[in-house]
Amino acid sequence: MPKEQVPAKKQNPLLVLGKISAILDSFSLRQPVLTLADLREATSMPASTVQRLVANLVEQGFLDREGDGYRIGMKMAYWAAPATRGKEVLDVISPLLAELRDTTGETACLFRAEAVYRVCVGIAETRHVLRREMHLGELAPLHAGSAGRVLLAWKPELMQRLVEGSLESLTSSTITGLDDLQTAVEATRADGFAITTGERESGASGLSAPVFDSAARLVAAVTISGPTMRMPQAVCEGWVEPLLETAERMTRLIGGRFPGETHRPA
């Protein structure tokens, strides 16, 4: 009599979903296209597993093939659109401020430009007793501090507003010369973020990064701020990656893209 065949062991669907999630999480706005080797390194999964799952993801439209690499499929953008439909941009991205606050322990804010000022439109306050005073609706000059630096870097028309007036000295570290400010703004644009110390308040530090919409227009500056005694230069530099990751997640949530990134129509 023939031997009874043992059915192949089925994979746990949740385990498969976890692997698929790991592959999709490997993509970012800074690395939108990844090769199979990149995905193997990012997920630490066997080459055969990555190759099989990627082939299935391409077939289903989760990923698109681009030369020797892959990127998130436009079908995913179509599915994601209803998630933010009818919601204000700030309602969508503000919850990430609490995560950034919990990661760093310091206050996380969102700023938008208003005339020659920046206004706080979102905040997750530090739990430290000693903190920088900040509240929703608070105005601060555009020319002082990291958030203003970011807003000026990605909204060039704002600089023209400053040219028409004078730059007030708030502390001994405030930039009051237009040429010096322009140089600092250009450096911010090149770096992708800004770190400042004592420009608006003595003994206070901040670092900020930009958030963009689907047309690659600046939406806001996301900022970490606190006392310099807890945020010296070395600490601020160590928080650049968490800051940029948060700014990128905010941009992704609203279907945004970085300036210069090709928009790929559906």
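Analyst: A cavity is a set of points where a 1.4 Å probe fits but cannot get out, and its lining residues have an atom within 4 Å of a point. The structure considered here is a predicted model.

User: How many cavities of 30 Å³ or more does the count come to?

Analyst: Rolling a probe the size of a water molecule over the atoms shows where empty space is left. In this model the count comes to one cavity of 30 Å³ or more. The largest cavity holds about 120 Å³ of space.

User: Which residues lie nearest the centre of the largest cavity?

Analyst: Arg118, Arg132, Gly145, Ser146 and Arg200 lie nearest the centre, out of 17 residues that line the largest cavity. By class, this lining has four nonpolar, eight polar and five charged residues. Helix H7 (146-154), strand S7 (204-212) and strand S8 (218-227) each supply at least two residues of the lining. Strand S7 gives the most, with three residues.

User: What is the volume of the second largest pocket, and which residues lie nearest its centre?

Analyst: The second largest pocket has a volume of about 210 Å³. Its lining comprises 14 residues, and Gly192, Pro210, Phe212, Leu244 and Phe258 lie nearest the centre. Nine of the lining residues are nonpolar, one is polar and four are charged. H9, S7 and H11 each supply at least two residues of this lining.

User: At what angle do H7 and H9 pack?

Analyst: Two packed helices are described by the angle between their axes and the distance between the axes. H7 and helix H9 (residues 178-191) pack at an angle of about 80 degrees, and their axes are 8 Å apart. Helix H7 is therefore roughly perpendicular to H9. On the H7 side, Arg149, Val150, Leu152, Ala153 and Trp154 take part, and they meet Leu181, Ala184, Val185, Thr188 and Arg189 in H9. By class, the contact of H7 with H9 has seven nonpolar, one polar and two charged residues.

User: How are H6 and H11 oriented to each other, roughly parallel or roughly antiparallel?

Analyst: Helix H6 (residues 95-104) and helix H11 (residues 240-253) pack at an angle of about 170 degrees, with axes 10 Å apart. Angles over 145 degrees count as roughly antiparallel, so H6 and H11 are roughly antiparallel to each other. Leu96, Leu97, Glu99, Leu100 and Thr103 in H6 meet Pro242, Leu243, Thr246, Arg249, Met250 and Leu253 in H11. The contact of H6 with H11 has seven nonpolar, two polar and two charged residues.

User: Which residue meets glutamate 99 in a salt bridge?

Analyst: Side chains of opposite charge can pair when their charged atoms come close. The count comes to nine salt bridges in this model. In one of them, the side chain of glutamate 99 meets that of arginine 249, at 2.9 Å from N to O. Glutamate 99 lies in helix H6 and arginine 249 in helix H11, so this pair ties together parts that are 150 residues apart in sequence.

Note on methods. Residues numbered from 1 in each chain as written. Predicted model: local features only at pLDDT ≥ 70, side-chain atom pairs only at ≥ 80, totals over all residues. Heavy atoms only, no water. Axes fitted to C-alpha atoms, helices over the stretch in contact; angles between N-to-C directions. Helix = DSSP H or I, 4+ residues; strand = E, 2+ residues; numbered from the N terminus. Parallel < 35°, antiparallel > 145°, perpendicular 65-115°, else oblique. Contact = heavy atoms within 4.5 Å. Nonpolar A, V, L, I, M, F, W, Y, C, P; charged D, E, K, R; others polar. 1 Å grid on protein atoms, 1.4 Å probe; cavity = no way out; pocket = protein on both sides within 12 Å on 5 of 7 lines; lining within 4 Å. Points joined across faces, edges and corners; volume = space filled by probe spheres on them. Salt bridge = Lys/Arg side-chain N within 4 Å of Asp/Glu carboxyl O.
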